[in-house]
Amino acid sequence: VAVALPVRLHDCPRGDPPIPVPYDPTFLNATHASLLVVQDHKPNRASRVAVTVLSGSDGKRVPFVLKSTDTIGKLQRRFLQKRPDLTGSLNLAYNGKPVQRHQSLGELGVKNGATFITFLRCLGG
């Protein structure tokens, strides 16, 4: 249940107008506080995730439905079944970062509708 917190104006440096900042009245006169880390519970079973692989060379999109426990290696194998012309040069990136074959979709935090992009690595020095 969301509770609306009172708002208090916070003075800004450099003469900017004050900003309304929500606060919990419990902490109004407190000098110290501690935070408790709370982790989201992990689902006990694998959820289904719809992802798309975008070929960086020709712009073609290939959709897949996988489980959150499936690995990038499985996604690569399924992609290569549909696009065998990319065999040997398939590297995938998610959120702008290269992903490794052993990583699972759940481990990477992949959400429904995510897009992976293929890219080529240049060999040499």
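Q: Which residues touch the most other members of the largest nonpolar core?
A: This model is predicted. Its largest nonpolar core has 18 residues. Val-51, Phe-64, Leu-75, Leu-92, Val-110 and Phe-116 touch the most other members. Strands E3, E4, E5 and E7 and helix H1 each give two or more residues to this core.

Q: What makes a set of residues a nonpolar core?
A: The residues must be buried, of a listed kind such as Val, Leu or Phe, and joined through side-chain atoms within 4.5 Å. In soluble globular proteins, nonpolar side chains tend to be buried together.

Q: Why is Phe-64 called buried?
A: Buried means under 20% relative accessible area. Phe-64 has 3% relative accessibility, so it counts as buried.

Q: What does Val-110 touch, not counting residues up to four places away in sequence?
A: Val-110 touches Val-49, Val-51, Tyr-94, Leu-105 and Phe-116. Contact here means heavy atoms within 4.5 Å.

Q: Why is the pair of Phe-64 and Phe-79 called edge-to-face?
A: A search of the whole structure finds 2 aromatic pairs. One of them is Phe-64 with Phe-79, with 6.5 Å from centre to centre and 65° between the planes. Ring centres within 6.5 Å make a pair, and planes over 60 degrees apart count as edge-to-face. The angle of 65° is over 60, so the label edge-to-face applies.

Q: How many helices and strands does the chain have?
A: The chain has 2 helices and 7 strands. From the N terminus, the elements run β-β-β-β-α-β-β-α-β.

Q: In what order do the strands of the open sheet stand?
A: The 5 strands stand in the order E4-E3-E7-E5-E6, and the pairing is mixed. Strands E4 (61–67) and E6 (97–98) are at the edges. Each has a single partner strand, so one side of each is left without a neighbour in the sheet.

Q: How do you know that E3 and E7 pair?
A: Two strands pair if there are at least two bridges between them. Strand E3 (residues 48–54) and E7 have 4 bridges, in the parallel sense. In one of these, Leu-54 has Ile-117 as its partner in E7.

Q: In what sense do E5 and E7 pair, parallel or antiparallel?
A: Strand E5 (residues 91–94) and E7 pair in the antiparallel sense, over 3 bridges. Leu-92 stands opposite Thr-118. The bridge partner of Ala-93 in E7 is Ile-117.

Q: Which residues of E7 are on its covered face, and which on its uncovered one?
A: Ala-114, Phe-116 and Thr-118 form the covered face of E7 (residues 114–119). Thr-115, Ile-117 and Phe-119 form the uncovered one. In a regular strand the side chains alternate between the two faces of the sheet.

Q: Which strands does helix H1 lie across?
A: Helix H1 (residues 72–82) lies across E3, E4, E5 and E7. It runs at about 140° to E4.

Q: Why is Leu-86 called buried?
A: Leu-86 is in the loop between H1 and E5. Its relative accessibility is 11%, and buried means under 20%, so the label buried applies. Beyond its neighbours up to four places away in sequence, Leu-86 touches Ser-55, Ser-57, Phe-79 and Leu-80.

Q: Is Ser-104 buried or exposed?
A: Ser-104 lies in the loop between E6 and helix H2 (105–108). Its relative accessible area is 15%; the cut-off is under 20%, so Ser-104 is buried. Leaving aside neighbours within four places in sequence, Ser-104 is in contact with Ser-68, Thr-69, Asp-70 and Thr-71.

Q: Is Asn-95 buried or exposed?
A: Asn-95 lies in the loop between E5 and E6. Exposed means over 50%. Asn-95 has 64% relative accessibility, so it counts as exposed.

Q: What is the phi of Asn-95?
A: Asn-95 has a positive phi of about 55°, although it is not a glycine. Most residues other than glycine have a negative phi.

Notes:
Residues are numbered from 1 along each chain as its sequence is written. This is a predicted model: local features need pLDDT of at least 70, side-chain atom pairs count only at pLDDT 80 or more; totals for chains, interfaces and linings use all residues. Side-chain values use heavy atoms; hydrogens and water are left out. Buried means under 20% relative accessible area, exposed over 50%, partly exposed in between (1.4 Å probe, protein chains only). Axes are lines fitted to C-alpha atoms, for helices over the stretch in contact, and angles run from 0 to 180 degrees between N-to-C directions. Rings of Phe, Tyr and Trp (its six-membered ring) pair if their centres lie within 6.5 Å; planes under 30 degrees apart count as stacked, over 60 as edge-to-face and the rest as tilted.
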